Amino acid sequence: MEESLVPLVPMSHTAHIRSHRKPRRNASSIAMRAGVAGGVLSTVAVAGASTSAFAAEPVTQTLELPTLTADLATQAAQSADATQAMAADYQLQAERETAAEQAAKQAEKDLVKAKKEEARKKAAAEAERKAEAERAARDSERTTLTTNSSTTTTTTTAPATGSVGTVIGFLKAQLGDAYVMGATGPNAWDCSSLVQAAFKQVGVDLPRVSQDQSMQGTEVSLSNLQVGDILYWGAKGSAYHVGVYIGDGQYLDAANPSKGVVIQDLSGYPATGAVRVL
């Protein structure tokens, strides 16, 4: 029987070491690797194509974006201008309405003021007319009294009585005149200027103020008064008011701003003292 010969294949000196043995590659492994490689290459190719496509698209968007932004900015600016113009119109209208309202109110005030001024002028004119009539009546009365006094002085046998009558006649002619501090006539007096003017009618020159008038003539008792005696209130030499006794417990004086020249009862306001100069 013939022995079969097995051919001897020389081996690497490291072939006995398992880690140094090259693994065998079968057909399925190679095919798998080829498929993976092909898939990777396909993926790379698709990715590359996609990347190219995407890379081209931002360029188009980048070119169109400024145009869109500019349009929006223009529209926003136009809208802002329109809003501002509308607000200005509203403000102008409001200002016009306010001005018209104020003008109407001012016109109403002016009308009321004009009516008041017209009424005041009418009242002043009426008061002046009445005052003129009263002055005319007093002037007429004074003329009559002066004529009567002159006649009495001429025909009387008692000059002193005639002088007193002239004084009293002058005083009564001033009834109703105003009291004004410092006034000396002919239609306004204070207490001492009226007394001074009355006695001047008969040639008796008295001082201007009540303090000095209380020092004139002869001191007389209040229980022994005669018509024409000068009454004073306050201490002698520092009197603050004067009047003239006209008989029957009454005196005539320029009393105060509210009363003017009046006749009053001595019992209502007793004098401090009296002097006689006639």
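Q: How many salt bridges does a search of the whole structure find?
A: Four, in this predicted model.

Q: What makes K105 and E101 a salt bridge?
A: The cut-off is 4 Å between a side-chain nitrogen of Lys or Arg and a carboxyl oxygen of Asp or Glu. The closest N and O atoms of K105 and E101 are 3.6 Å apart. That value is within 4 Å, so the pair counts as a salt bridge.

Q: How are K105 and E101 placed in helix α1?
A: They are four residues apart in helix α1, which covers residues 27–155. About one helical turn therefore separates K105 from E101.

Q: Why is K105 called partly exposed?
A: Buried means under 20% relative accessible area, and exposed means over 50%. K105 has 47%, so it falls in between. E101 is also at 47% and counts as partly exposed.

Q: Why do R208 and D190 count as a salt bridge?
A: Their side chains meet at 3.0 Å, N to O. The limit is 4 Å, so the pair qualifies.

Q: Which parts of the chain does the pair R208 and D190 link?
A: R208 sits in the loop between α3 (191–200) and α4 (210–213). D190 sits in the loop between β2 (188–189) and α3. The two are 18 residues apart.

Q: Are R208 and D190 buried or partly exposed?
A: D190 has 5% relative accessibility, which is under 20%, so D190 is buried.

Q: What makes E219 and K236 a salt bridge?
A: Their closest N and O atoms are 2.7 Å apart.

Q: Where do E219 and K236 lie?
A: E219 is in strand β3 (residues 218–220). K236 is in the loop between β4 (230–233) and β5 (241–247). They are 17 residues apart, and the pair links distant parts of the chain. E219 is partly exposed at 40%, and K236 is partly exposed at 40%.

Q: How do you know whether S193 is buried or exposed?
A: S193, in helix α3, has 2% relative accessibility. That is under 20%, so S193 is buried.

Q: Which residues does S193 touch, beyond those up to four places away in sequence?
A: S193 touches A183, T184 and R208. The S193 side chain reaches the backbone oxygen of A183 at 2.8 Å.

Technical notes: Residues are numbered from 1 along each chain as its sequence is written. This is a predicted model: local features need pLDDT of at least 70, side-chain atom pairs count only at pLDDT 80 or more; totals for chains, interfaces and linings use all residues. Side-chain values use heavy atoms; hydrogens and water are left out. Buried means under 20% relative accessible area, exposed over 50%, partly exposed in between (1.4 Å probe, protein chains only). Contact means heavy atoms within 4.5 Å. A polar contact is a pair of N or O atoms within 3.5 Å; within protein, one must be able to donate a hydrogen and the other to accept it, and residues adjacent in sequence count only if both atoms are side-chain atoms.
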